[in-house]
Amino acid sequence: MALTDSANRDANRALRARFDEVHGQYQQLRSSLDELQTRLAQLRVTQRSDDGQVTATVGAQGELISVELSPAVYRDQDPKALSAKITATVRRAAAAATTATQDLVSSYLPARSGTADFLRTGDFGTLLGRADAVLRRSV
């Protein structure tokens, strides 16, 4: 009976130590995610048109924050050209925001993780390939 009690106590200590380790990792991850969320909320990307007449600022998800027009745009008086210039500038800003967001999120993920690869490439194969490999090992 004493041997069983001793083995149970040792097993409980080992389980408790493992729990404390996993809980510490969770707390660190949670803290990192809070920081990431704050940094994403603050992320702004600004792009200018080639001629500098249009400036567009977007947030992390490419949402338009502001558009600024220089007084020079009113000299051209070509609404279609101005519309195209604004659209192109906003699209460039949104594309740059996507890259900045991917880089930021990837910096919080383990290197060579399927998620980090997916964020960089958009290829679900990299994301699912890692899960498939884990499943194959467990079978």
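Predicted model: local features only at pLDDT ≥ 70, side-chain atom pairs only at ≥ 80, totals over all residues.
Start with the fold elements. The chain has 5 helices and 3 strands. Along the sequence they run α-β-β-β-α-α-α-α. Helix α1 covers residues 2-42. Strand β1 spans 44-48 and strand β2 spans 54-59. Helix α3 takes residues 79-106.

Next comes the surface. Of the 139 residues, 19% are buried. The chain exposes about 10200 Å². Carbon and sulfur atoms supply 55% of that area.

Now the charged pairs. Side chains of opposite charge can pair when their charged atoms come close. The structure holds 4 salt bridges, and one of them is R16 with D20. Their closest N and O atoms are 3.3 Å apart. Both residues sit in helix α1, 4 residues apart, so about one helical turn separates them. D20 is partly exposed, at 40% relative accessible area.

Another salt bridge joins D50 and R92, with closest N and O atoms 3.9 Å apart. D50 lies in the loop between β1 and β2 and R92 in helix α3, so the pair ties together parts 42 residues apart in sequence. D50 is exposed, with a relative accessible area of 78%. R92 is partly exposed at 32%.

D51 counts as partly exposed, at 44% relative accessibility.

Definitions and conventions: Residues numbered from 1 in each chain as written. Heavy atoms only, no water. Helix = DSSP H or I, 4+ residues; strand = E, 2+ residues; numbered from the N terminus. Buried < 20%, exposed > 50% of the residue type's maximum accessible area, 1.4 Å probe, protein only. Areas by Shrake-Rupley, 256 points an atom, 1.4 Å probe, with all protein chains shown as cover. Salt bridge = Lys/Arg side-chain N within 4 Å of Asp/Glu carboxyl O.
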